[in-house]
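Open the structure in your viewer and keep the selection tool at hand. This tour tells you what to select next and what is there.

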Amino acid sequence: MIMKMVEDIEPLVGKKVNSSSSSTTDCVANIHVCDVSDARLEFIKNSYGHKGVYVTSSLEECITGANLIVVAVKPQNCEVVFQEIRKFKMDEKTEPTILSIVAGVPIEHFMRGMNLKKVARSMPNTPATIQKGVTVFTTSDGIDADEKSHIRSILQSFGKAVYVDDENFIDMATAISGSGPAYIFLLMEAMIDAGVHMGFSRSVAQTLVHQTILGSTLYAIETKEHPAILRNSVTSPAGTTASAIYELENGRFRTVIKDAIWTCYRRSLQMGGRDSNVGPGRYNPPSGEALIDKGHNSDAAK
């Protein structure tokens with residue numbers, strides 16, 4: 001049984017439902033969905049109810065008998081979810097596995113908040129909606145190899161799944177692959193707008209940009225070459241591309257991208273209540289050490 005409290009359930013349930021090649025019951029009759037939004041539940045029911053997906057506004061009804069609970073809520077709503085789930089007593093034999101798709105909230109918070117030992121934390125991204133996503137995940141010590149394999153198979157249903165053995169990598173992945181699509185969309189937006197400004201219709205500009213980014217990505221994957229080599233192969237001396245690259249470098253393009261990713265990473269750490277004073281130019285003293293002991297002025301130490 002999968003319980004998913006989420007704004008967007010299509011990547012998980014939709015793929016599971018539509019990939020069923022035999023009995024609908026075998027694939028989806030054990031998927032239950034709970035959400036606080038009646039409108040959202042109605043949408044899920046209309047989209048997948050005829051294939052056996054159950055919806056309910058009752059958390060108790062949804063998680064009773066569950067062996068896997070998928071939690072995808074806003075980080076600020078986690079405490080409410082924890083309080084609700086703590087109401088239901090679960091012994092070690094029937095304890096479900098928690099699969100979190102919540103940005104910034106560490107495994108420890110789920111274990112402490114729900115009084116459960118088996119927690120997996122993951123970070124998918126938007127392309128999961130069309131089964132082209134990449135999801136980074138890790139697990140607590142309470143999850144065995146079979147359960148880890150099960151979680152991987154679920155996450156692979158909407159793209160690639162990458163396991164990491166250190167939870168710190170989840171926050172790093174949030175900054176690269178989790179939020180990454182927004183960076184690409186912003187680049188696309190700027191390129192399309194430039195094309196329109198030069199005289200292309202928006203539809204033609206969109207086609208050119210979409211195919212350029214898609215083709216470049218597939219080419220990089222296929223060739224397995226370092227991006228610098230691929231970029232250099234397109235850049236002729238004193239040519240048009242060289243002029244464009246010169247302008248991008250003068251505008252600190254690389255630095256802005258890297259700074260944005262570091263800022264996103266710090267924000268993910270902040271959301272989890274952890275030290276976010278990390279990255280280039282940041283001083284992070286050992287625990288208990290005063291800043292003034294390292295030569296910093298007293299104002300900085302206050």
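**First stop: a crossover.** Select S7, H7 and S8, which make a right-handed β-α-β unit. Right-handed means that, with the strands pointing away from the viewer, the path from the first strand over the helix to the second runs clockwise. Helices (H or I, at least four residues) and strands (E, at least two) are DSSP runs, numbered from the N terminus.

A word on what you are viewing. This is a predicted model, in which local features need pLDDT of at least 70 and side-chain atom pairs count only at pLDDT 80 or more, while totals for chains, interfaces and linings use all residues. Residues are numbered from 1 along each chain as its sequence is written, and side-chain values use heavy atoms, with hydrogens and water left out.

Stay with the two strands. S7 and S8 (residues 159-163) run parallel and are joined by 5 bridges. Two strands pair if DSSP finds at least two bridges between them. Pick Val136: Val162 in S8 stands opposite.

**Zoom out.** Show the whole protein chain. Its secondary structure comes to 14 helices and 8 strands. Of its 302 residues, 35% count as buried. Buried means under 20% relative accessible area, exposed over 50%, and partly exposed in between (1.4 Å probe, protein chains only).

**Next: strand S6.** Select residues 119-123. How many residues of S6 are buried? The count is 5 of 5. Both faces are covered: Val119, Arg121 and Met123 lie on one side, Ala120 and Ser122 on the other.

Strand S5 (residues 97-100) pairs with S6 in the parallel sense, over 3 bridges. The chain crosses from S5 through H6 to S6, and this β-α-β crossover is right-handed. S7 pairs with S6 in the antiparallel sense, over 4 bridges.

Select Ser140, in the loop between strand S7 (133-139) and helix H7 (145-155). Is Ser140 buried or exposed? Ser140 is buried, with a relative accessible area of 9%. Leaving out residues up to four places away in sequence, Ser140 touches Ile107, Met111, Lys117, Lys118 and Val119. A contact means heavy atoms within 4.5 Å.

**Into the core.** A nonpolar core is a set of buried Ala, Val, Leu, Ile, Met, Phe, Trp, Tyr and Cys residues joined through side-chain atoms within 4.5 Å. The largest one has 20 residues. Select Val71, Cys78, Ile98, Val102, Phe110 and Met114, which touch the most other members. Helix H4 (59-63), strand S4 (68-71), helix H5 (78-86) and helix H6 (107-114) each supply at least two residues of this core. H5 gives the most, with 4 residues. Another core, of 14 residues, lies apart from it; Leu68, Ala128, Ile154 and Phe158 are among its members.

Back to Cys78. Beyond its neighbours within four places in sequence, Cys78 is in contact with Val73, Val102, Val105 and Phe110.

**Charged pairs.** Side chains of opposite charge can pair when their charged atoms come close. A salt bridge is a side-chain nitrogen of Lys or Arg within 4 Å of a carboxyl oxygen of Asp or Glu. The structure holds 10 of them.

Select Asp171 and Arg121. Their side chains meet in a salt bridge (2.9 Å, N to O). The pair links distant parts of the chain: Asp171 is in helix H8 (residues 168-178), Arg121 in strand S6, 50 residues apart. Asp171 is buried at 0% relative accessibility, and Arg121 is buried at 1%.

Arg274 is partly exposed, with a relative accessible area of 25%.

Most residues other than glycine have a negative phi. Select Asn115, in the loop between H6 and S6. Its phi is near 60°, a positive value. Asn115 is exposed at 56% relative accessibility. Then select Ala238, in the loop between helix H11 (227-234) and helix H12 (240-250). Ala238 has a positive phi of about 60°, and is exposed with a relative accessible area of 82%.
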